[in-house]
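Subject: Structure handover

Hello,

I am passing this structure on to you.

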Amino acid sequence: MFKKLKRIAYLKFARKLNNAPSVPVPSIISENTKVTGDIISTGIIHIDGRVEGDISCEELVIGLKGMVVGSVNANNLHLYGQLQGKAVVDKLFVAKTAKLLGDATHNQIAIEPGAYIDGHCIRAGAPIPAEQAKPDLMITDAHEKPSKKAANN
């Protein structure tokens, strides 16, 4: 009797899951896997193994033991492992466990203290023109004393 009730409850739960909006399931490259070649996806990719090639996707997570040697083009990149190559992303997160060896072009960036970056992080879009920079911030010599004339103005 209990097994039959359990089975009915399971079937009802399964039917409800089938009617629910689908949740994207990431493609996973596990720790002991090596992929040589390019990967193109419209979804989420999670890498704990090694990929030698270019990756293009919606969201990329390079796990603690993950390593990518190649270019990355994604909307979101969460880097916990190692990336050797160029990254062109909208949002970039670099964890304290990460190593980024190459240049990253981004719109938004977050870097945890302790992250290792050997390259350039470049904000996409035009740089701030000099005339829009705050004029009251002037770099002066640390030993130079402010003049009385400047202090009175």
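The notes below go from the whole chain to single residues.

The model is predicted: local features need pLDDT of at least 70, side-chain atom pairs count only at pLDDT 80 or more, and totals for chains, interfaces and linings use all residues. Residues are numbered from 1 along each chain as its sequence is written, and side-chain values use heavy atoms, with hydrogens and water left out.

Overall make-up

The protein chain has two helices and 15 strands. Both come from DSSP runs numbered from the N terminus, with helices being H or I of at least four residues and strands E of at least two. Of the 153 residues in the protein chain, 23% are buried. Here buried means under 20% relative accessible area, exposed means over 50%, and partly exposed is in between (1.4 Å probe, protein chains only). Contact means heavy atoms within 4.5 Å. Among contacts in the protein chain with a separation of 6 or more, residues 24 or more positions apart account for 1%.

The core

The largest nonpolar core has 22 residues. Such a core is a set of buried Ala, Val, Leu, Ile, Met, Phe, Trp, Tyr and Cys residues joined through side-chain atoms within 4.5 Å. I47, I55, L60, V68, V72, L77 and L83 have the most contacts inside it. At least two residues of this core come from each of strand 4 (44–47), strand 6 (55–62), strand 8 (72–79) and strand 10 (87–94). Leaving aside neighbours within four places in sequence, V68 is in contact with I47, V51, G53, I55, I62, Q82, L83 and Q84.

V89 and H106

V89 is in strand 10 and counts as buried, because its relative accessibility is 6%. Beyond four places in sequence, V89 is in contact with A74, N75, L77, T105, H106 and N107. V89 and N107 are 18 residues apart in sequence, and their C-alpha atoms are 7.3 Å apart.

H106 belongs to strand 12 (residues 104–106). H106 counts as buried too, at 6% relative accessibility. Not counting residues up to four places away in sequence, H106 touches V89, D90, L92, C121, I122, R123 and A124.

E59

E59 is found in strand 6. Apart from residues up to four places away in sequence, E59 touches G43, I44, I45, N76 and H78. The side chains of E59 and H78 make a polar contact (3.3 Å). That term stands for a pair of N or O atoms within 3.5 Å; within protein, one must be able to donate a hydrogen and the other to accept it, and residues adjacent in sequence count only if both atoms are side-chain atoms. From E59 to H46 is 13 residues in sequence and 8.5 Å in space, C-alpha to C-alpha.

Rings and cysteines

There is one aromatic pair. Y80 and F93 form this tilted pair, at 5.7 Å centre to centre and 55 degrees between the planes. Rings of Phe, Tyr and Trp (its six-membered ring) pair if their centres lie within 6.5 Å; planes under 30 degrees apart are stacked, over 60 edge-to-face, and the rest tilted. Y80 lies in the loop between strand 8 and strand 9 (82–84), and F93 in strand 10, 13 residues apart.

The count of disulfides, meaning pairs of cysteine sulfur atoms within 2.5 Å, is zero. C57 is buried, with a relative accessible area of 7%, whereas C121 is partly exposed at 33%.

Regards
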